[in-house]
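Okay, thanks everyone, let me put the structure up.

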Amino acid sequence: MSVGLEAAATKTPARGYFKNPWRKPRVLQGVTIGYLLWSLLPVVIAVIFSFNDGRSRIVWQGFSLRWWTADPFDSILHDPIMQAAIVQTYRLAILVVLITVPIGTLFAIAVDRWHGRPARGANFVMLLSFVVPEIILGTSLFILFTTLLTVVNLGTPAQTLGLAVFQVSYPAVIVRARLLTIGPEYEEAAMDLGATPSQSIRRILLPLISPAILASVALVFADVVDDFVTVNALSGPANSETIAQKIYSASRASPTPEINAAATVMLITTLTIVGVGLLLYRRLNRGQRSSGASDLMQL
């Protein structure tokens with residue numbers, strides 16, 4: 001009898017661990033850590049080799065800023081082709097943000113206020129870019145701009161419009177989600193206190209959705225910086241090529257660590273924009289309810 005109890009006692013911890021729903025998810029933790037290492041390790045290696053002293057992207061030959069500033073011809077500081085690609089990347093990102101964020105915000109407000117089948121149809125069309133593969137969208141826009149809308153030249157104009165079509169869904173979805181969480185109560189309270197509809201939107205609604213607008217700006221900017229498919233399909237002259245296109249073209253030839261430096265610039269830009277956007281989002285989200293309440297008291 002005692003032997004059976006001892007055997008049951010030895011088996012209980014193992015069985016209890018798997019039957020306990022509150023146990024530590026060690027398998028999930030291991031899979032997550034493995035996935036992060038698999039995803040981030042190549043990026044870290046690419047960043048490290050951007051500081052390699054030699055031309056090799058495989059063999060470490062010493063630390064140097066040659067491919068950043070030191071080399072008089074092939075560094076990103078002195079290479080006019082790479083500088084033009086960097087400028088074009090940021091130009092497209094700024095233009096697309098200025099176009100898509102206001103349009104997406106207005107669309108989200110309109111759909112939130114406008115109900116019925118037309119609103120659902122408009123919302124479906126807006127979300128269609130999430131379903132259609134980007135390569136199909138880029139190819140379709142290329143055919144459109146080269147056959148029908150020939151007034152739109154390939155290059156910066158076509159790239160800006162094509163990216164705007166693809167990116168406008170992001171602010172629309174993000175702002176719409178924010179509107180669904182706050183509800184119409186604040187605006188109704190403002191109008192009950194004597195505010196006009198325009199005043200309630202300007203002084204109540206916009207401050208409440210400003211974190212979502214800011215998150216849309218960060219997301220669209222970072223996504224445009226990393227975009228390759230659309231900008232490549234709608235590119236024209238050589239000065240309309242972005243960093244992503246330069247990296248792709250160079251990787252098929254004999255690239256130097258300058259390409260690693262250019263990719264590091266993209267990575268730093270994306271992380272900086274997302275990080276700043278996250279910090280500002282938290283700061284605005286922390287004080288927006290008290291600000292909205294104070295504005296209601298002033299109306």
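I'll go through the aromatic pairs, two of them in some detail.

Quick reminder before we start: this is a predicted model. Searching the whole structure turns up six aromatic pairs. One of them is Phe 49 with Trp 60, an edge-to-face pair, with 5.8 Å centre to centre and 85° between the planes. Why edge-to-face? Well, the cut-off for that label is over 60 degrees between planes, and this pair has 85°.

So what does that pair tie together? Phe 49 is in helix H2, which covers residues 26-49, while Trp 60 sits in the loop between H2 and helix H3 (66-70), so the contact joins parts 11 residues apart in sequence. Now, buried or exposed? Phe 49 is buried, at 10% relative accessible area. Trp 60, on the other hand, is partly exposed, with 41%.

Okay, next pair: Phe 51 and Trp 68. Here the rings are stacked, 5.4 Å centre to centre and with 15° between the planes. Phe 51 belongs to the loop between H2 and H3, and Trp 68 to helix H3 itself, so this one ties together parts that are 17 residues apart in sequence. As for accessibility, Phe 51 comes out as partly exposed at 23%. For reference, buried means under 20%.

Conventions:
Residues numbered from 1 in each chain as written. Predicted model: local features only at pLDDT ≥ 70, side-chain atom pairs only at ≥ 80, totals over all residues. Heavy atoms only, no water. Phe/Tyr/Trp six-rings, centres within 6.5 Å; stacked < 30°, edge-to-face > 60°. Helix = DSSP H or I, 4+ residues; strand = E, 2+ residues; numbered from the N terminus. Buried < 20%, exposed > 50% of the residue type's maximum accessible area, 1.4 Å probe, protein only.
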